[in-house]
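Please read the following briefing alongside the sequence and the 3D structure.

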Amino acid sequence: MKKFLLLFLIPLISYSQSEYPQDYFRDPLDITLVLSGTFAELRSSHFHSGLDIKTQRKVGLKVYTAAEGYVSRIKISHYGYGKALYITHPNGYTSVYAHLQKFSDRLEKYIKECQYDKESFEVEVFPSPDELPISTDEVIAYSGNTGGSGGPHLHFEIRDNQERPINPMLFGIDVKDTKQPFVSGVYAYPKDENAIINGKNERVPLRLIPQKTGDYEVEKITAYGNVGFGVTSYDKQDLAPNNNGVSNIQTFFNGNKSLEIDFKRFSFSETKHIKRLIDYEYFKTKRSRIQKLFIQKNNPLSLYKDAYDNGYITIEDSTSSVYKVRIQDYKGNETWVNIPINGKKELLDKQSQEQDISNKSLIYSDQSTTLQSGNVTVNFYENTVYDDTMIDFKVSSDTLHLHEDQIPLQKNFYINYDLSNYKSEHLDKVFIARLYGYYKKPSYVSTKRKGNTLSAGSKTFGIYTLAMDTVAPTIEPVNFQDKKWLSKYRYLKVKIEDELSGISKYRATINGKWILMEYDYKTNMLMHDFNDNIVKDTRNELKIIVTDNVGNSSTFEAIFFRK
Ligand SMILES: [Zn+2]
């Protein structure tokens, strides 16, 4: 008897396109929409939550509200979205505009008052609905490159009333795309130790044979047992060369639907689990993202619409079957991958897989684990790893070797260093660093100090050590000199840097009064706008204090004149 188990993992209300208001939201720019990033595109540690709209390699383009409404949130941060504006609309949706250069005059005045009030460049405010109403087609801001943006563009989102981002294209925002998605790799995965693919019990790359239609045939494979597949796929639009994300992937085994992944909407609470969708180890070693077309345990993603046997297929001996993948972009252009499978119970190519298990420790997914050696303790709470995992754990003097960054983690583990036996007059300048990249460059990990213990949380396996920073940050004027007249200057620019632990805070005053200096970490620049009208005297004393992450601080002082 054949047993059928139909698994609807997470009940998902399915919306058809017509359930989203059409022609309600307009393009936020008045140039032809060209995207450098699509919705739910795969990023390093999250799904992209909006559209990245190209701004002709420039900053300062007018940004229009997508519809009438009111400003419900303004957030300015050094990293992430930089300067971001949230507008809530009468229909319950909120549109989001990020990496802005600046806001419209009215909003700029509002937010500067908040900044001067809080004496901070970084602010987050939630105005009430009647404070900052926004009318149809109003210019609300100018596009920029602030925060974690790698080039001028507008990041645009639409969120529902539960803060879940939705593909803005579902609302009729249109981008020219007549090209079908393309595939750069297909892989087969054994589900367990009994599965065999082309004689192997490991991830096997399959040979793709591109067809004239844009579809792909795959060289026939032999397989036996429970098997899953993975695919690397991208979509190009007509007006840009960027490799963007696809919108929907479906798989079929002998004509029956096996799995569907739909990238139309997700919630921020699940976005980190992208590490469970992609083959994390492959991504970390080969820099390309294989989307796994099967669902392993501890995978809470709501993108899976339905799944038969979690997307795995079962191949019996002496059978002939076919597995197909259909990949669609948002406009419905589609690409098929056909994988013919010869069911055959082969002998396994037994490779001597004798593993050296010294220095290995087992971390359980459903319970907490503590590893300890010398003066180092590492705590894993439950649900940190997705699967029970053997990891390398070794401490030699101050250096902790904690596996390699090839295993995805759901949340932080915690490293604790006991400094009781250390003698140094600079013990307060010691911090936990991760040795990063090929050159093992130490980078600061946010370190807490409690008595003689230093602790830090991290979501990344790798090498950690203690480092010491006794050098204070540097502060260099960029466009002025001491005791000069700056009457015609619009901006006051200063460069601030800190070699090892990095900059933690800065504070600038003129004649004792706090001034707003915008900080751009990408250019190490602090910038004051004289149009803030804080400087009213002729003789002015500028004072800037910059502090690094272990508390070393520098003070810069200069006098300038203005009339
Ligand atoms: Zn973006």
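A contact, as used here, means heavy atoms within 4.5 Å. This is a predicted model, in which local features need pLDDT of at least 70 and side-chain atom pairs count only at pLDDT 80 or more, while totals for chains, interfaces and linings use all residues. Residues are numbered from 1 along each chain as its sequence is written, and side-chain values use heavy atoms, with hydrogens and water left out.

**Confidence**

- The protein chain has a mean pLDDT of 94, and 95% of its residues reach 70 or more; pLDDT is the predictor's confidence in each residue, from 0 to 100.
- Residues 1-15 have a pLDDT below 50, and this stretch has 21 contacts in the model beyond near neighbours in sequence.
- Where pLDDT is low, the predicted coordinates should not be read in detail.

**Zinc site**

- His-48 (NE2), Asp-52 (OD) and His-155 (ND1) coordinate the zinc ion at 2.0 to 2.1 Å. Donors are N, O and S atoms within 2.8 Å of the metal (3.2 Å for Na, K and Ca); water is not among the atoms, so sites may look incomplete.
- The spacing of the zinc donor residues in sequence is H-x3-D-x102-H.
- His-48 lies in the loop between strand E2 (35-37) and E3, and His-155 in strand E12 (residues 153-159), so this pair ties together parts that are 107 residues apart in sequence. Helices (H or I, at least four residues) and strands (E, at least two) are DSSP runs, numbered from the N terminus.
- His-48 counts as buried because its relative accessibility is 3%, and His-155 is likewise buried, with a relative accessible area of 3%. Buried means under 20% relative accessible area, exposed over 50%, and partly exposed in between (1.4 Å probe, protein chains only).

**Strand pairing around the zinc donors**

- E2 and E3 pair in the antiparallel sense over two bridges; two strands pair if DSSP finds at least two bridges between them.
- Gly-37 stands opposite Asp-52 in E3, and Asp-52 is one of the residues that coordinate the zinc ion.
- E3 is also joined to E12 by four bridges, and these strands run antiparallel. Ile-53 has Leu-154 in E12 as its bridge partner.

**A five-strand sheet**

- An open sheet of five strands has the order E39-E46-E45-E41-E42, with mixed pairing.
- Strand E39 (484-485) and strand E42 (513-514) stand at the edges with a single partner strand each, so one side of each is left without a neighbour in the sheet.
- Strand E41 (residues 503-510) and strand E45 (residues 539-548) run antiparallel and are joined by seven bridges. Ile-510 has Leu-542 in E45 as its bridge partner.
- Strands of a sheet pair through backbone hydrogen bonds, either parallel or antiparallel.

**Helix H1**

- The 14 residues of helix H1 (residues 105-118) should span 20 Å at 1.5 Å a residue, and the end C-alpha atoms are 20 Å apart, which agrees. The expected span is 1.5 Å times one less than the number of residues.
- Buried residues in H1 are Leu-107, Glu-108, Tyr-110, Ile-111, Lys-112, Cys-114, Gln-115 and Tyr-116.
- Glu-119 follows H1 and has a positive phi, near 50°.

**A buried lysine**

- Lys-83 lies in strand E6 (residues 83-88) and counts as buried because its relative accessibility is 4%.
- The side chain of Lys-83 reaches the backbone oxygen of Gln-101 at 3.0 Å.
- Leaving aside neighbours within four places in sequence, the contacts of Lys-83 include Lys-75, Tyr-97, Phe-103, Phe-121, Thr-146 and Glu-518.

**Loop residues**

- Arg-57 is in the loop between strand E3 (51-54) and strand E4 (62-64). Arg-57 is exposed, with a relative accessible area of 81%, and has a positive phi near 60° although the residue is other than glycine.
- Asn-524, in the loop between strand E43 (518-520) and strand E44 (525-529), has a positive phi near 55°. At 22% relative accessibility, Asn-524 counts as partly exposed.
- Lys-191 is in the loop between strand E14 (182-190) and strand E15 (196-197) and is partly exposed, with a relative accessible area of 41%.
- Not counting residues up to four places away in sequence, Lys-191 touches Asn-226, Val-227 and Tyr-312.

Note on methods: A polar contact is a pair of N or O atoms within 3.5 Å; within protein, one must be able to donate a hydrogen and the other to accept it, and residues adjacent in sequence count only if both atoms are side-chain atoms.
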